[in-house]
Amino acid sequence: MAGRNTQKIEGKVGFLGAGKMASALAIGFISSGVVPANNILMSTASSEPEELKAKGVTHFVGNNVKVVEGSDIVIIAVKPHIVPLVVKEIAPHINIRKHIVVSIAAGYKLEYFEQAFACGTRVVRVMPNTPVLVSEGVSIVSLGSNCEAQVATQMKMLFSSVGVCEELPERLQDSVTGLAGSGPAYVFMMMDSLADGAVKMGVPRPLAIKLAAQTCLGSAKMLLETGKHPGQLKDEVCSPGGATICAVHKLEEAGFRSAIIDAVQASTLKARTLGE
């Protein structure tokens, strides 16, 4: 498990949008203890998410402006094509002395928000991935030009509570989206394929899925804890003339590595266009 920060964020955190990522972050913040449930506000145009209500969140409103006015940290968590509408709606209500505006919308650069809001607005761009729901996510933070050191500290405290948080220059955000943002989908596909292969060979599906997941979890933990290169760890599994090297040969024939590299590239290139 990633290291956790037990400190609490002062003030209220408001989410504009109640989709999967917003819900995952809110649940993660509450579960880790970094933000109490009664300090979470969320705007939602549809029904209130049951999983959030179960966690004690009660501040649901259908008005983005009310969320902004009641929050200190405002997280823009709507679909990319809705971002301009939301920004136009809330811009007159952003207080540069009070608010920190955090965007988790793919493709939109810090410059876009800094130009849309009043001069001096503190803006942060964050790319989290869905495993934040189980406090094992990856969140990449890029700070705007008006952010002081205290903002960096707050963001790291907030997003480290739901996994690993790294601060990087904004120019790497889209590339990391291709790796960590979209990456869970690649891993889930691999686990599904591993399970299918085992089912084909006679293993009951529930057990096959469990073993596939544990295999990925254990392998990731080995990589992080040993510090070895993944290629070295792969070689250590491949005995001369054994079953694993024969399987690896088949993966190479099928273009396994190239397919993953192409997937990261495709996601990165698409992410670059989302804010256009």
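Trainee: Why is Glu148 called partly exposed?

Mentor: Glu148 has a relative accessible area of 33%. Buried means under 20% relative accessible area and exposed over 50%, with partly exposed in between (1.4 Å probe, protein chains only). Glu148 falls between those limits, so it is partly exposed. Do keep in mind that this is a predicted model, in which local features need pLDDT of at least 70 and side-chain atom pairs count only at pLDDT 80 or more, while totals for chains, interfaces and linings use all residues. Residues are numbered from 1 along each chain as its sequence is written, and side-chain values use heavy atoms, with hydrogens and water left out.

Trainee: And what makes Arg122 buried?

Mentor: Its relative accessible area is 12%. That is under 20%, so Arg122 counts as buried.

Trainee: How do you know that Glu148 and Arg122 meet in a salt bridge?

Mentor: The term asks for a side-chain nitrogen of Lys or Arg within 4 Å of a carboxyl oxygen of Asp or Glu. For Glu148 and Arg122 the N to O distance is 3.1 Å, so the pair qualifies. Glu148 sits in the loop between β7 (137-143) and α6 (149-160), and Arg122 belongs to strand β6 (residues 122-128), so the bridge ties together parts that are 26 residues apart in sequence. Helices (H or I, at least four residues) and strands (E, at least two) are DSSP runs, numbered from the N terminus.

Trainee: How many salt bridges does a search of the whole structure find?

Mentor: It finds 10 salt bridges. One of them pairs Asp174 with Arg125 at 3.0 Å, N to O. Asp174 is in helix α7 (residues 173-181) and Arg125 in strand β6, so this pair ties together parts that are 49 residues apart in sequence. Both Asp174 and Arg125 are buried.

Trainee: What makes the pair Glu167 and Lys156 a salt bridge?

Mentor: Here the N to O distance is 3.3 Å, which is within 4 Å. Strand β8 (residues 163-167) supplies Glu167 and helix α6 supplies Lys156, so the pair ties together parts that are 11 residues apart in sequence. Glu167 is partly exposed at 37% relative accessibility, and Lys156 is partly exposed at 38%.

Trainee: Why are α7 and α8 called roughly parallel?

Mentor: Two packed helices are described by the angle between their axes and the distance between the axes. Axes are lines fitted to C-alpha atoms, for helices over the stretch in contact, and angles run from 0 to 180 degrees between N-to-C directions. For α7 and helix α8 (residues 183-200) the angle is about 25 degrees, with the axes 5 Å apart. Angles under 35 degrees count as roughly parallel, over 145 as roughly antiparallel, 65 to 115 as roughly perpendicular and the rest as oblique. So α7 and α8 are roughly parallel to each other.

Trainee: Which residues of α7 and α8 meet?

Mentor: Gly178, Leu179, Ala180 and Gly181 from α7 meet Gly183, Pro184 and Tyr186 from α8. Contact means heavy atoms within 4.5 Å. By class this contact has 4 nonpolar, 3 polar and no charged residues. Ala, Val, Leu, Ile, Met, Phe, Trp, Tyr, Cys and Pro count as nonpolar, Asp, Glu, Lys and Arg as charged, and the others, Gly among them, as polar.

Trainee: What makes β3 and β8 the edges of the sheet?

Mentor: The open sheet has 8 strands in the order β3-β2-β1-β4-β5-β6-β7-β8, with mixed pairing. β3 (59-61) and β8 each have a single partner strand, so one side of each is left without a neighbour in the sheet. Neighbouring strands are turned by 20 degrees against each other on average, direction ignored.

Trainee: How do you know that β4 and β5 pair?

Mentor: Two strands pair if DSSP finds at least two bridges between them. Strand β4 (residues 73-76) and strand β5 (residues 100-103) have 4 bridges, in the parallel sense, so they pass. Ile75 stands opposite Val102 in β5. Strand β1 (residues 13-16) likewise runs parallel to strand β2 (residues 40-43), joined by 4 bridges, and Gly14 stands opposite Leu41 in β2.

Trainee: What makes both faces of β1 covered?

Mentor: Val13 and Phe15 on one side and Gly14 and Leu16 on the other are all buried.
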